[in-house]
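I opened this entry to record what I looked up, in the order I looked. Overall layout comes before single residues.

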Amino acid sequence: MQHSNQPSGPQRLPYGAGSATDAPPAAPRLDTARLWAGGIMTAGVAGLTAVVTLLLVRGVLDIPLFAPEREGAVGDVSTGVLAGGAAVVALAATALLHGLILSTPQPGRFFSWIVALVTAAMVLLPFRTGAAMDAKVGTGVVYLAVGAVIGSLLSAVARGATRRVR
């Protein structure tokens, strides 16, 4: 009779390790072209969101917006600069998301937290100035709208650009 080094009967694994037949979790497969196409579209929508909220806040509600110090606390913010800035931030967020998908577990969760915290910081930023309260609130509303658009759209883009493969 030959002895093998294989134990007889079922293998015992440490508590919480699953069963010996459990396959490793599926690795995400990233479609980079879809991710960046969605990121570019998000940049366009973020820019348009900045324009629309600026038109609402400044044009309809007649509330001035926060501006850099050189233009005064309640200076005139260029619509193009604000829209362009929103688009650039969306592209930067796409690059961040791309890196998170390739390098971290639960990239969507990390991305959501980062976007929420950056958006909160941007919304609070005008409240650290000497601007009039209506300008602080108006600027915060614009930043909140842009952050919400970027976060929600890129989260959806990430889900559509990644597939689990076995």
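**Layout**

I read along the sequence and noted the pattern β-α-α-α-α-β for the protein chain. That is four helices and two strands. The model is predicted.

I checked burial next. Buried residues make up 33% of the 166 residues in the protein chain. I then looked at contacts with a separation of 6 or more; residues 24 or more positions apart account for 73% of them. The chain exposes about 10800 Å², and carbon and sulfur atoms supply 65% of that area.

**Helix α1**

I tested the length of α1, residues 32-60. Its 29 residues at 1.5 Å each should span 42 Å, and the end C-alpha atoms lie 40 Å apart, so the two values agree.

I listed the buried residues of α1. Among them are the glycines G38, G39 and G47.

After the helix I came to D62, which has a positive phi, near 55°.

**Core**

I looked for the largest nonpolar core and found 27 residues in it. L35, L97, F111, I150 and L154 have the most contacts inside this core. Each of α1, α2, α3 and α4 supplies at least two of its residues. α4 gives the most, with eight.

Which residues does I150 touch, leaving aside its neighbours within four places in sequence? I found T42, A46, A86, V89, A90 and A93 in contact with I150.

**G84**

I located G84 in helix α2, residues 79-103. Is G84 buried or partly exposed? G84 has a relative accessible area of 31%, so I put it down as partly exposed; buried would need a value under 20%. I also took one distance: the C-alpha atoms of G84 and L48 are separated by 9.4 Å. These two residues are 36 apart along the chain.

**Surface patch**

I searched the surface for a nonpolar patch. L96, F110, I114, V118, M122 and L125 form one. Together they have about 470 Å² of accessible area. Which helix gives the most to the patch? I noted α3, residues 107-124, with four residues.

I placed L125 in the loop between α3 and α4, the latter being 133-161. L125 counts as partly exposed because its relative accessibility is 38%.

Methods:
Residues are numbered from 1 along each chain as its sequence is written. This is a predicted model: local features need pLDDT of at least 70, side-chain atom pairs count only at pLDDT 80 or more; totals for chains, interfaces and linings use all residues. Side-chain values use heavy atoms; hydrogens and water are left out. Buried means under 20% relative accessible area, exposed over 50%, partly exposed in between (1.4 Å probe, protein chains only). Contact means heavy atoms within 4.5 Å. Accessible areas come from the Shrake-Rupley method with a 1.4 Å probe; for residues, only the protein chains shown count as cover. Patches are made of residues with over 30% relative accessible area and no salt bridge: like charges are joined within 9 Å, nonpolar side chains (Val, Leu, Ile, Met, Phe, Trp, Tyr) within 5 Å. A salt bridge is a side-chain nitrogen of Lys or Arg within 4 Å of a carboxyl oxygen of Asp or Glu. The expected span of a helix is 1.5 Å times one less than its number of residues. A nonpolar core is a set of buried Ala, Val, Leu, Ile, Met, Phe, Trp, Tyr and Cys residues joined through side-chain atoms within 4.5 Å.
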